[in-house]
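Please look over the sequence and the model shown here; the numbered points that follow are meant for someone meeting this structure for the first time.

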Amino acid sequence: MSIEFVASSSLPTRWGDFTMHGFVVSETGKEHVALTMGHWQEDQPVLGRIHSECLTGDALFSQRCDCGYQLESAMHRISEVGQGFILYLRQEGRGIGLINKIRAYDLQDQGYDTVAANLKLGFAADLRDFSICQPMLAHLGIHKVRLMTNNPQKIKAMQEASGIEIVERVPLAVGDNPHNHFYLQTKAKRMGHLLHIDNDNDNGQS
């Protein structure tokens with residue numbers, strides 16, 4: 001799979017001025033975006049996040065997940081440092097797409113957890129592809145990353161798929177609320193995310 005850089009532009013935000021870079025996967029026409037702030041040397045570890053698209057959390061302010069909270073927190077942390085990146089990958093619903101994500105939400109409303117819902121629909125728990133990260137990061141001159149994530153499997157997938165050196169995991173545990181508490185418990189118990197989630201408040205489904 002090959003991905004091509006197309007164009008860059010300024011992107012002023014609540015957290016300061018970023019530069020937005022557009023990329024297109026040649027074989028599929030799928031579009032992905034990188035946001036950057038500041039400058040770095042080629043061998044310098046850069047603070048960043050690999051964020052998969054979540055329309056419901058990122059744009060519609062859903063509290064069923066922690067995605068929007070994580071995106072905002074990552075942008076805020078980068079602005080505090082004055083340097084960093086976000087790769088925004090168009091992989092809705094851990095790769096199953098928006099409509100299937102709505103179907104999965106319906107199953108979650110019936111009592112399935114997020115992993116069981118994906119499996120019930122005939123998908124793997126996680127279908128995301130991180131191989132596209134390497135050419136995007138290479139274009140940005142990034143070879144070492146301080147990755148904001150709670151997911152050790154993302155670090156493993158990044159290293160196996162791209163060869164990018166992850167020098168540090170920076171925790172990003174934000175956004176716990178009654179609506180996503182069960183979802184975060186599932187992330188911790190079934191997907192290995194490094195979260196400290198207690199066992200009360202089990203009614204939130206996501």
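1. Cysteine 67 touches His51, Cys54, Asp58 and Tyr183, leaving aside residues up to four places away in sequence, where contact means heavy atoms within 4.5 Å. The position of cysteine 67 is in helix 2, helices being DSSP runs of H or I with at least four residues and strands runs of E with at least two, numbered from the N terminus. Cysteine 67 counts as buried because its relative accessibility is 15%, the term buried meaning under 20% relative accessible area with a 1.4 Å probe and protein chains only.

2. This is a predicted model, in which local features need pLDDT of at least 70 and side-chain atom pairs count only at pLDDT 80 or more, while totals for chains, interfaces and linings use all residues. Residues are numbered from 1 along each chain as its sequence is written, and side-chain values use heavy atoms, with hydrogens and water left out.

3. According to the unreviewed UniProt entry, the annotation "binding site" covers Cys54, Cys65 and Cys67; such annotations may be inferred rather than shown by experiment. Of these residues, Cys54, Cys65 and Cys67 are included in the lining of the largest cavity. A cavity is a set of points on a 1 Å grid over the protein atoms alone where a 1.4 Å probe fits but cannot get out, and lining residues have an atom within 4 Å of a point. Cysteine 65 lies in the loop between helix 1 (55–59) and helix 2 (67–81), and cysteine 65 counts as buried because its relative accessibility is 3%.

4. The largest cavity has a volume of about 420 Å³, a volume being the space filled by probe spheres set on the grid points, which are joined across faces, edges and corners. Of the 27 residues that line the largest cavity, Cys67, Arg94, Arg128, Tyr183 and Lys187 are the closest to its centre. Helix 3 supplies the largest share of this lining, with four residues.

5. The largest pocket has a volume of about 350 Å³, a pocket being an open set of points with protein on both sides within 12 Å along at least five of seven lines. Of the 17 residues lining the largest pocket, those closest to its centre are Asp58, Gly68, Leu71, Glu72 and Met75. Helix 2 gives the most to the lining of the largest pocket, with five residues.

How values were computed:
Buried means under 20% relative accessible area, exposed over 50%, partly exposed in between (1.4 Å probe, protein chains only).
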